[in-house]
Amino acid sequence: MINRLVLMSMLTSIFVLSPVAADPRRGEQNEARQDMRAGKVKPLREIEANIVPRMRGMQYLGPEYDPTAQVYRLKFIDRDRVIFVDVDGRTGAVLRQR
């Protein structure tokens with residue numbers, strides 16, 4: 001019984017003391033939000049409103065943000081192909097599609 005309590009105590013302390021893995025997208029979202037609030041980039045919703053309708057028949061998978069380049073990467077799927085559309089966050093212009 002005591003061994004069981006000691007083991008339970010040790011396991012509990014491991015879960016409580018171990019750091020939670022950080023979600024890398026969380027930092028990406030925060031940086032995009034900060035850049036948008038500072039007026040450096042357009043809001044994601046505005047960029048999506050311009051790009052998503054152009055990609056007819058494709059399913060929109062979501063965005064990524066590169067704070068260094070201030071570029072949004074919108075991801076789509078068309079049947080069995082993934083298509084990336086890189087958009088300048090400052091101007092909203094499509095930089096490349098692949």
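The talk below goes through the labels in turn.

Modeller: Keep in mind that this is a predicted model. The chain averages a pLDDT of 82, and 73% of the residues score at least 70.

Colleague: What makes residues 10-21 a stretch to treat with care?

Modeller: Over residues 10-21 the pLDDT is below 50, and beyond near neighbours in sequence this stretch has 1 contact in the model. Where pLDDT is low, the predicted coordinates should not be read in detail.

Colleague: Which elements does the chain have, and in what order do they run?

Modeller: There are 3 helices and 4 strands. From the N terminus on, they run α-α-α-β-β-β-β. Buried residues make up 26% of the 98 residues in the chain.

Colleague: How many aromatic pairs are there?

Modeller: The count comes to 2 aromatic pairs. One of them is formed by Y60 and F76, with 5.1 Å centre to centre and 40° between the planes.

Colleague: Why is the pair of Y60 and F76 called tilted?

Modeller: Ring centres must lie within 6.5 Å to pair, and those of Y60 and F76 are 5.1 Å apart. Planes under 30 degrees apart would be stacked and planes over 60 would be edge-to-face. The angle here is 40°, so the pair is tilted.

Colleague: What makes this pair a link between distant parts of the chain?

Modeller: Y60 is in strand β1 (residues 59-66) and F76 is in strand β2 (residues 71-78), 16 residues apart.

Colleague: What makes you say that the charged end of R73 sits over the ring of F84?

Modeller: The charged end of R73 is 5.0 Å from the centre of the F84 ring. The cut-off for that distance is 6 Å, and there is also a limit of 35 degrees from the ring normal. R73 is listed as sitting over the ring.

Colleague: Where is G62, and which residues does G62 touch?

Modeller: G62 is found in strand β1. Not counting residues up to four places away in sequence, G62 touches R73, L74 and K75. The C-alpha atoms of G62 and R73 are separated by 8.4 Å, and the two residues are 11 apart along the chain. G62 has a relative accessible area of 9%, which is under 20%, so G62 is buried.

Colleague: Why are the buried residues of helix α3 said to line one face?

Modeller: The buried residues of α3 (residues 44-51) are I47, E48 and I51. Seen down the axis of α3, they fall within an arc of 100°, so they line one face of the helix. These buried residues pack against β1, β2, β3 (81-88) and β4 (94-97).

Colleague: How do you know that β3 and β4 pair?

Modeller: At least two bridges are needed. The strands β3 and β4 are joined by 3 bridges, so they pair, and they run antiparallel. D86 stands opposite R96 in β4. The hairpin of β3 and β4 has 5 residues between the strands, and there G92 takes a positive phi near 85°.

Colleague: What makes the phi values of Q70 and R79 worth a remark?

Modeller: Most residues other than glycine have a negative phi. Phi of Q70 is near 55°, a positive value in a residue other than glycine. R79 is not a glycine either, and its phi is about 60°.

Colleague: Are Q70 and R79 buried or exposed?

Modeller: Q70, in the loop between β1 and β2, has 13% relative accessibility, which is under 20%, so Q70 counts as buried. The residues that Q70 touches include D35, K40 and Y65. R79 is in the loop between β2 and β3. At 77%, R79 is over the 50% cut-off, so R79 is exposed.

Notes:
Residues are numbered from 1 along each chain as its sequence is written. This is a predicted model: local features need pLDDT of at least 70, side-chain atom pairs count only at pLDDT 80 or more; totals for chains, interfaces and linings use all residues. Side-chain values use heavy atoms; hydrogens and water are left out. Rings of Phe, Tyr and Trp (its six-membered ring) pair if their centres lie within 6.5 Å; planes under 30 degrees apart count as stacked, over 60 as edge-to-face and the rest as tilted. Helices (H or I, at least four residues) and strands (E, at least two) are DSSP runs, numbered from the N terminus. Buried means under 20% relative accessible area, exposed over 50%, partly exposed in between (1.4 Å probe, protein chains only). Contact means heavy atoms within 4.5 Å. pLDDT is the predictor's confidence in each residue, from 0 to 100. The arc is that of the directions from the helix axis to the C-beta atoms.
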